[in-house]
Amino acid sequence: MTGTEAHDSYGEKPDPEDHNAQAGPQRDTPPPGNGPGGPSGPEPPRPNAPRTPGEPPRIPMPRASVEDTGLPLPEPAPAPLFLEHRVLKSLLGAWALAACSPEETAAVEDHLGTCGACADEALRLRDAVGLLHPPESLDLDPTLRTRVLESCLDRRPPRIPVPEWATPYDAETARLDALLQDIGDAEWHAPVRLRWFEGDEQTSRRTTVAGVIAHLLTVDGLVALTLGLDDPLEASAETPTPAARTEAFWTTSHFPPTRSVRAPWREQAHNLVRTVAFAGGGSGRLPVSYGAFELPLRDSMLDRAFETWVHAGDIAEAVDYPYEPPSPRHLHAMIDLGARMLPTALAARRQAGLATPGQTRHLVPAGTPGRSLRLEIEGLGGGEWLIPLDSPGALPSPDHEVAHIALDGVEFCQLAAGHVSPEEAAAGQVGDREAIRDVLFAAASLSRM
């Protein structure tokens with residue numbers, strides 16, 4: 001047997017007439033163009049063709065069962081509870097209060113779809129639970145902006161911080177601006193009555209919500225002038241008092257103030273806070289003239305914060321809007337300002353002949369101890385202050401204490417704003433009745449338009 005014959009014995013001999021026949025082993029794959037993809041179909045993969053790097057295997061590996069991985073098996077779904085009718089009925093009260101477990105809740109709610117009596121009882125119980133919870137207001141918490149800012153500033157202090165004595169004004173203008181944001185166009189013309197004391201009698205002035213903002217704009221302008229900012233009052237008033245400036249603004253306006261007054265008031269408030277922040281703490285000693293008296297800038301900013309809060313309350317009352325007092329820290333600063341202004345107010349009443357006659361016999365030189373009244377403020381922003389009674393320069397002394405007054409913090413501020421009568425303000429009074437009356441009326445005389 002020759003080599004050729006031996007070779008041919010292992011396979012078929014090539015047909016000499018077959019021009020497509022080739023030497024060597026033949027492939028079973030069809031020629032190009034006759035594959036499963038048709039004339040333009042892809043060539044089927046060859047079993048022994050090498051894979052490119054990164055190419056996934058053509059036959060995926062078998063996945064391991066979770067039992068073979070050692071991982072914890074998933075918890076089986078809990079079987080639904082099957083409870084008797086009497087048990088489901090006893091759970092209706094807990095279901096109405098949302099006190100059932102998830103399984104019990106599902107069982108009760110499935111039962112309510114098939115039992116009309118229990119469904120009616122569940123509806124009555126759910127309505128009763130709704131009466132136990134007072135409706136929550138959709139209005140944002142007025143202190144939200146302050147709390148958010150405090151949280152942010154605790155994490156990253158401002159590059160140019162606002163002086164501590166200016167933060168109450170910043171907070172109260174922001175709260176009032178949020179109130180103005182929520183009221184409608186018609187409410188800007190809602191009637192508001194401004195109240196204050198002149199002498200020993202309460203007086204008032206009728207205006208609108210927009211008129212109140214115009215009043216705040218013109219009085220804040222006194223601080224703006226001290227800081228070199230523009231005066232919002234176009235025509236100068238005869239006297240630079242808050243009341244005269246307000247009347248001049250109202251008189252020279254071509255139309256009654258509308259909501260358009262909000263933008264200049266807001267811009268001026270921002271400019272005041274920004275300017276005192278850049279000026280630094282030393283600017284707090286600059287005198288701000290109110291016509292009849294002066295206040296240092298640090299006290300004037302507290303005075304403006306106090307009046308902003310008071311008139312914001314007037315606006316909120318006019319439009320039936322809830323409004324809360326300032327934060328205790330800011331309220332304490334406002335009360336402290338009022339307590340420090342009381343000796344001067346007492347002296348002014350004495351010069352005007354409004355003080356009790358007996359006081360003139362007890363005047364003492366400045367810098368020496370004299371009669372004192374203990375002012376105790378309870379509640380938010382509370383504390384105790386000794387008020388010298390004989391002269392603004394006298395030293396308060398507990399050894400010369402002749403009277404004691406107890407007041408709520410918000411009540412004292414309402415008294416200083418002229419919103420509360422002096423006869424109705426004090427919660428507790430002990431000691432010299434004449435001294436108590438003079439101090440209460442002096443606190444009311446701090447109010448102005």
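**View 1. Leu144 is partly exposed in this predicted model**. The relative accessible area of Leu144 is 32%. Buried would mean under 20%, and exposed over 50%, so Leu144 falls in between. Leu144 lies in helix H6, which covers residues 144-155. Which distance separates Leu144 from Arg175 in space? Their C-alpha atoms are 9.3 Å apart, although the two residues are 31 apart in sequence. Arg175 is one of the buried residues of helix H7.

View 2. Helix H7 runs over residues 167-182. That makes 16 residues. How far does H7 reach from its first C-alpha to its last? The span is 23 Å, close to the expected 22 Å.

**View 3. Helix H7 packs against helix H12**. Helix H12 takes in residues 328-351. Two packed helices are described by the angle between their axes and the distance between the axes. Here the angle is about 115°, and the axes are 10 Å apart. H7 passes H12 in a left-handed crossing. Which residues meet? H7 brings Thr167, Pro168, Ala171 and Glu172. H12 brings Arg329, His330 and Met334. By type, the contact has three nonpolar, two polar and two charged residues.

**View 4. The largest nonpolar core has 82 residues**. In soluble globular proteins, nonpolar side chains tend to be buried together. Which residues have the most contacts inside this core? They are Leu176, Val209, Ile213 and Leu375. Helix H8, residues 209-226, supplies the largest share of the core, with eleven residues.

**View 5. Ile213 touches residues beyond its sequence neighbours**. Leave aside the neighbours within four places in sequence.

View 6. How much of the protein is buried? Buried residues make up 36% of its 449 residues. Now take the contacts between residues at least 6 apart in sequence. Of these, 69% join residues at least 24 apart.

Methods: Residues numbered from 1 in each chain as written. Predicted model: local features only at pLDDT ≥ 70, side-chain atom pairs only at ≥ 80, totals over all residues. Heavy atoms only, no water. Axes fitted to C-alpha atoms, helices over the stretch in contact; angles between N-to-C directions. Helix = DSSP H or I, 4+ residues; strand = E, 2+ residues; numbered from the N terminus. Left-handed = near helix turned anticlockwise from the far one by under 90°. Contact = heavy atoms within 4.5 Å. Nonpolar A, V, L, I, M, F, W, Y, C, P; charged D, E, K, R; others polar. Expected span 1.5 Å × (residues − 1). Buried < 20%, exposed > 50% of the residue type's maximum accessible area, 1.4 Å probe, protein only. Core = buried A, V, L, I, M, F, W, Y, C linked by side-chain atoms within 4.5 Å.
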